[in-house]
Structure formats: structure tokens, C-alpha cells
Amino acid sequence: MIPASRILALSLALAPAAARADSIRCDGGIVSVGDAMIDLLGKCGPPSLVEDRWRRKTAVERWTYNFGPDRFLQFVTLVDGKVALVERGGYGYPPEKLAEHQERGRPRCDGSGIHVGDSKLDLLAKCGEPAIQESRLEKRGDAAGRGSFVRVDVWTYDFGPRSFVQFATLENGTVVRVEHGSYGYAR
């Protein structure tokens, strides 16, 4: 079993460039690093998005809270059912904007809105569901040959026959690369 301090250190090292904090303030109260998942759920309610990850043999989840356009997105990493990391993102989205992401079909953006550093929730709010979602684990190593696995998702957006297909590559829930393909397809 990996000690909690080592998992927290890994979480901090692998965290995207969001602002780190040690607590999240919700209508029901404050939740801090070390608190149980039930405290987070009870004080903040259900998240807007849940992403499952695995680090070695440890269950890791990233919960995204959207408190609306006047507040920042909050990303809470849970390790073995406890809050291990709280990060602040950009401003949130109106609830109706996120409800639209449930509908499949032609993306709502033209692709110019997809940027490195965007979270999955940013992509869903800006462009909706991708045409194709692929996931895989990639092993990353250091100079000493030690390695860990990173979840890599590729979201493919088809903007139609007059625009290029775009591939958004996400690592641990954050866009790290945006590539263009050939022209899209008519629907």
C-alpha cells in the first residue's frame, strides 16, 4: 500500500496548472484536504463531472464543481475516498450551458475555442460531446526507469465538411494538445 503522503505528493506533481488550494467553500460549509468523500458530497452536493483515474493500485477520482459564471470552477481530487487536492480553475458556466452537453450531435463551437489547458468540463460547455471519445493508459518513465501510467483521452470533433476535424488530447482530464485532421463529414 502506498502511503497517503506519497499519493498526495504524486497528485501535486501531476496536477495541471490550476491554482492549488487546501479547501473548497460550498453552500453547506468548507471541505478541506483530508476530509472524507461524504463530507464533500454533503456540503457541496453532487459534482458537475466525475472522472475516474488510477495511480498504481489506488483509486483516484477528480470531481469538478461548477458554481456558475460568477465563481471559479473547483477541481477536487479524491484518493481512496478522501480529499487529497483542491484546485481552482477558470470561471464557471451557466447551468443551462452545461445541460446542452447532454445532447449529441453537431458541436456548438467551430474548434477555435479548444485550447491547451482546457478541462473536460470546458470542452463540454464550449463544444458539447465529441463525435468520438477514445481512452488509453500510457506509461511514462523517468531517467531511472521508474514509471507510472497516465490516462490519455482523445476527443474527436467533426465540424462538418467545410471545417477541419479536431483532435483534443487530454491527459488526466486536461487538454495537452490540439491537432487538425482532414475536412469533416456531412451529417
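**Figure 1. Overview of the predicted model.** This structure is a predicted model. The chain has 187 residues, of which 41% are buried. Its secondary structure consists of 4 helices and 11 strands.

**Figure 2. Strand 8 and strand 9 form a hairpin.** Strand 8 covers residues 132-141 and is joined to strand 9 by 10 antiparallel bridges. Within this pairing, Arg 140 stands opposite Ser 148 of strand 9. The two strands of the hairpin have 5 residues between them, and Gly 145 in the turn has a positive phi of about 90°.

**Figure 3. Strand 10 pairs with strand 11.** These antiparallel strands are connected by 7 bridges. One of the residue pairs to locate is Ala 168 with its bridge partner in strand 11, Val 178.

**Figure 4. The largest nonpolar core contains 18 residues.** The members that touch the most others are Ile 114, Leu 123, Trp 155 and Tyr 157. At least two core residues come from each of strand 6 (72-79), helix 4 (120-127), strand 9 (147-157) and strand 10 (164-171). Helix 4 gives the most, with 5 residues. In soluble globular proteins, nonpolar side chains tend to be buried together.

**Figure 5. Surroundings of Trp 155.** Which residues are in contact with Trp 155, leaving aside its neighbours within four places in sequence? They are Lys 120, Leu 123, Leu 124, Pro 130, Ile 132, Gln 133, Gln 166, Phe 167, Ala 168 and Leu 170. A second, separate core has 11 residues, including Ile 24, Leu 40, Cys 44 and Val 86.

**Figure 6. A salt bridge between Glu 171 and Arg 140.** The structure holds 9 salt bridges, and in this one the closest N and O atoms are 2.9 Å apart. Because Glu 171 lies in strand 10 and Arg 140 in strand 8, the pair ties together parts that are 31 residues apart in sequence. Glu 171 is partly exposed, with a relative accessibility of 22%. Arg 140 is also partly exposed, at 29%.

Figure 7. Lys 126 forms a salt bridge with Asp 118, and their closest N and O atoms are 2.8 Å apart. Is Asp 118 buried or partly exposed? Asp 118 has a relative accessibility of 8% and therefore counts as buried, because buried means under 20%. Lys 126, at 24%, is partly exposed. In the other pair, Asp 153 and Arg 151 have their closest N and O atoms 3.1 Å apart. Asp 153 is buried, with a relative accessible area of 1%, whereas Arg 151 is partly exposed at 28%. Salt bridges with shared partners join Glu 51, Arg 62, Lys 120, Arg 151 and Asp 153 into one network.

How values were computed
Residues numbered from 1 in each chain as written. Predicted model: local features only at pLDDT ≥ 70, side-chain atom pairs only at ≥ 80, totals over all residues. Heavy atoms only, no water. Buried < 20%, exposed > 50% of the residue type's maximum accessible area, 1.4 Å probe, protein only. Core = buried A, V, L, I, M, F, W, Y, C linked by side-chain atoms within 4.5 Å. Contact = heavy atoms within 4.5 Å. Pairing = 2+ DSSP bridges. Salt bridge = Lys/Arg side-chain N within 4 Å of Asp/Glu carboxyl O.
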